[in-house]
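Thanks for coming, everyone. Let me put the structure up on the screen, and then I'll talk you through a few parts of it.

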Amino acid sequence: MKTDIRALSKEELRNFFIKNGDKAFRGNQVYEWLWIKAARSFDAMTNLSKDTRQMLNANFVINHIAVDKMQRSIDGTIKNAIKLHDALIVESVLIPTKKRTTACVSSQVGCSLDCNFCATAKLKRMRNLNADEIYDQVVEIDKQSQLYHKHKLSNIVFMGMGEPLLNYKNVMMAIDKITSDEGLGMASKRITLSTVGIPKMIKKMADDEVKFNLAVSLHSAINEVRSTLMPINEKNNLEDLLEALQYWYQKTKKKITFEYVVFKNHNDKQKDIDALVNYCKKIPSKVNLITYNTIGEEEFKTADKEVIDQYVRVLEANNIIAKVRKSRGDDIDAACGQLANKIN
Ligand code: SAH
């Protein structure tokens with residue numbers, strides 16, 4: 001099987017050409033074609049000789065993703081079903097607001113984490129995405145942003161399918177490319193990685209001195225409740241998570257965003273609100289309150305508006321920033337937790 005050329009670093013490409021009796025510089029040219037000009041074939045690399053192109057064709061392939069199906073919501077949100085080279089599908093979403101456009105990208109095909117309320121959890125994890133498959137989603141959505149909204153993509157959130165911290169290496173490689181001048185040149189502060197909260201990996205990110213933002217899907221600050229919503233909490237409880245987040249803050253000085261879906265009957269009591277406030281007081285953080293997007297599970301329903309308002313009031317009274325995040329694209333199942341390759 002031929003190697004996917006985009007798995008090679010620039011240095012590896014340079015070495016490939018040296019080994020084949022050419023100049024290292026040729027590696028830079030190819031790298032530029034692959035990453036800046038987003039070439040889809042070796043024949044498109046017009047400043048290379050025919051022999052060089054043939055040699056590349058004989059040794060490598062350029063795997064690429066393709067938008068298999070695009071759906072546009074009445075609110076402007078676009079959901080893409082993305083076909084990978086092995087025919088598996090992931091989803092990526094473009095979310096426009098007045099001021100910006102945000103790409104929501106996937107990091108894995110399916111997910112292994114079994115959060116009870118999430119549609120993606122119903123698909124078993126098939127495989128990790130490669131760095132170039134993650135990067136390409138951003139490139140595609142950037143194109144859509146320019147086409148439909150007349151400006152470049154402004155933000156990226158790793159809130160699509162999968163758990164980014166369980167595909168650490170490839171996600172970091174993709175972010176390096178996204179932020180590099182040889183890739184999209186986007187600012188790290190415009191990128192947010194969202195995780196269920198894996199303490200060991202949060203510490204690793206802090207040690208690696210990453211510059212992007214961190215969001216944690218909390219959903220409850222009471223262990224028993226959180227474990228019923230997110231089984232990962234059984235082995236990685238709130239105390240371990242807090243310790244890792246404090247380590248993160250100490251190293252990065254970056255506030256954490258807690259994502260918090262308010263569910264009817266699960267976390268809609270005053271004791272749930274008080275626990276969240278106490279948790280937030282221990283770590284510089286803000287809270288995004290999310291209304292539950294239905295995925296056809298009877299057990300889960302969004303909480304009453306009064307409860308969400310009460311959450312906001314109490315958090316704000318304690319000087320914790322709280323925002324209610326509006327659901328986007330729910331008419332096309334593009335909203336949080338609805339990504340499940342549903343073919344209509
Ligand atoms: N695995 C990562 C990345 C996925 S992000 C993480 O869990 O953070 C997807 C976000 O949508 C998470 O905050 C998740 O908890 C939330 N979510 C999942 N299902 C949802 C649903 N049905 N309604 C609203 N939000 C949901």
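First, some housekeeping. This is a predicted model, in which local features need pLDDT of at least 70 and side-chain atom pairs count only at pLDDT 80 or more, while totals for chains, interfaces and linings use all residues. Residues are numbered from 1 along each chain as its sequence is written, and side-chain values use heavy atoms, with hydrogens and water left out.

Let's start with the domains. The assignment gives domain 1 (3-61) and domain 2 (66-332); such bounds come from an automatic or database domain assignment. Eight residues of domain 1 and 10 residues of domain 2 take part in the contact, where contact means heavy atoms within 4.5 Å. The C-alpha centres of the two domains are 35 Å apart.

Now, what lies between them? The largest cavity does, because domain 1 and domain 2 both give residues to its lining. On a 1 Å grid over the protein atoms alone, a cavity is a set of points where a 1.4 Å probe fits but cannot get out; a pocket is an open set with protein on both sides within 12 Å along at least five of seven lines; and lining residues have an atom within 4 Å of a point. Volume is the space filled by probe spheres set on the points, which are joined across faces, edges and corners.

Searching the whole structure turns up two cavities of 30 Å³ or more, and the largest has a volume of about 80 Å³. Its lining includes Arg6, Arg40, His64, Asp136 and Glu140. By class, that lining holds five nonpolar residues, one polar and four charged. Here Ala, Val, Leu, Ile, Met, Phe, Trp, Tyr, Cys and Pro count as nonpolar, Asp, Glu, Lys and Arg as charged, and the others, Gly among them, as polar.

The second largest pocket also lies between the domains, since both of them give residues to its lining. About 160 Å³ of space is found there. Among its lining residues are Trp35, Tyr135, Asp142, Lys152 and Leu184, and the classes come out as six nonpolar, two polar and two charged.

Which helix gives the most to the lining of this pocket? That is H4 (residues 131-149), with four residues. H4 also gives the most to the lining of the largest cavity, with three residues. Helices (H or I, at least four residues) and strands (E, at least two) are DSSP runs, numbered from the N terminus.

Glutamate 140 sits in H4. Is glutamate 140 buried or exposed? Glutamate 140 is buried, with a relative accessible area of 12%; buried means under 20%, exposed over 50%, and partly exposed in between, using a 1.4 Å probe and protein chains only. Beyond its neighbours within four places in sequence, glutamate 140 is in contact with Arg40, Ile65 and Val67. Glutamate 224, in helix H7 (residues 223-229), is exposed at 58%.

Finally, the strands. E3 (residues 66-72) and E4 (residues 78-83) pair in the antiparallel sense over six bridges; pairing requires that DSSP finds at least two bridges between two strands. Methionine 70 stands opposite asparagine 80 in E4. In their hairpin, with five residues between the strands, glycine 76 takes a positive phi near 95°.

E10 (residues 191-195) and E11, by contrast, pair in the parallel sense over four bridges, with threonine 192 opposite asparagine 213 in E11. Four of the five residues of E11 (residues 213-217) are buried, so this strand is largely enclosed by the rest of the structure.
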